[in-house]
Amino acid sequence: MTTAVTGATGHFGGLVVDGLIERGVAASDIVAIVRDEAKATSLADRGVQVRVADYGDVDALRSALAAVDKLLLVSGSDIGQRVAQHTNVIDAAEAAGVSLIAYTSLLKADTSGVSLAVEHVATEQRLAASSIPSVLLRNGWYWENYEGSLEQIIGSGVLLGAAADGKLAAASRADFAAAAVQVLLSDGHEGRIYELGGDERLTYTELAAVIAQVSGKPVVYKDVPEAEYRSILEGAGLPSFVAEMLASADAGVARGDLDTDSGDLQKLIGRASTPVAEILA
């Protein structure tokens, strides 16, 4: 049984490869599909099959997926281009005779108003039309998404956002990766949709309190309208599309788009999700 992981040199894909090996999969039975072979040296040194293919190169993708049984399609990072890129991977998987595709989508993608949901829904629709059975791993927000601004939050004493009193059922990147590993290594997941979220369903006020606890410094949450938050982010130097994504995500938190009590993540990984305090510490 050969398992392929796209984006295998990325944070998420790398964790999945590590998880497969830790669960006893021979490195030689893992195919790491990467864009830059130079970044995959450590994988090759461990015995993982490294195959180079860009999401835009269907022929290279077909070669990369040759003799692959299961594929984890990790959603791409090129926002605005992902539907075409994901479609190329699915087309190549069909041509290569892959037997199962697991896809990292977004929590509640089909009903979410978060801007990121649009490309995920289109990919889900392409998978539904595919001849290959698929499983949707609708990942919630990563707690790690707040690490980059942690120093600024602690320094200012303010967590700024547009999430109102909405709850966020985030989890660690490693938790979501462990769920993907479980799906790849067990049977009976074809056609399933997993709504994945963490045990801690926190408002931003509660998240600010956790940051204060971890840092030992006072931190409070300040809520602003979505449009104002987007403007603040742009004023801080973020590209417009990034500011739009982050502001839209916060508005999604306010609506409940990034909250779930499904328990799907916990069932798959067999434990509670990692506490946010542990991650941000």
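User: What volume does the largest cavity have?

Analyst: The largest cavity has a volume of about 30 Å³. This is a predicted model: local features need pLDDT of at least 70, side-chain atom pairs count only at pLDDT 80 or more, and totals for chains, interfaces and linings use all residues. Residues are numbered from 1 along each chain as its sequence is written, and side-chain values use heavy atoms, leaving out hydrogens and water.

A search of the whole structure finds one cavity of 30 Å³ or more. On a 1 Å grid over the protein atoms alone, a cavity is a set of points where a 1.4 Å probe fits but cannot get out; a pocket is an open set with protein on both sides within 12 Å along at least five of seven lines; lining residues have an atom within 4 Å of a point. Points are joined across faces, edges and corners, and a volume is the space filled by probe spheres set on them.

K70, L100, V183, S186, D187, G188, H189 and E190 line the largest cavity. By class, this lining has two nonpolar, three polar and three charged residues. Ala, Val, Leu, Ile, Met, Phe, Trp, Tyr, Cys and Pro count as nonpolar, Asp, Glu, Lys and Arg as charged, and the others, Gly among them, as polar.

Now the second largest pocket. It holds about 170 Å³ of space. Its lining includes L15, R23, A174 and I269. Helix α7 (173–185) gives the largest share, five residues. Helices are DSSP runs (H or I, at least four residues), numbered from the N terminus. Seven lining residues of this pocket are nonpolar, two polar and three charged.

Definitions and conventions: Helices (H or I, at least four residues) and strands (E, at least two) are DSSP runs, numbered from the N terminus.
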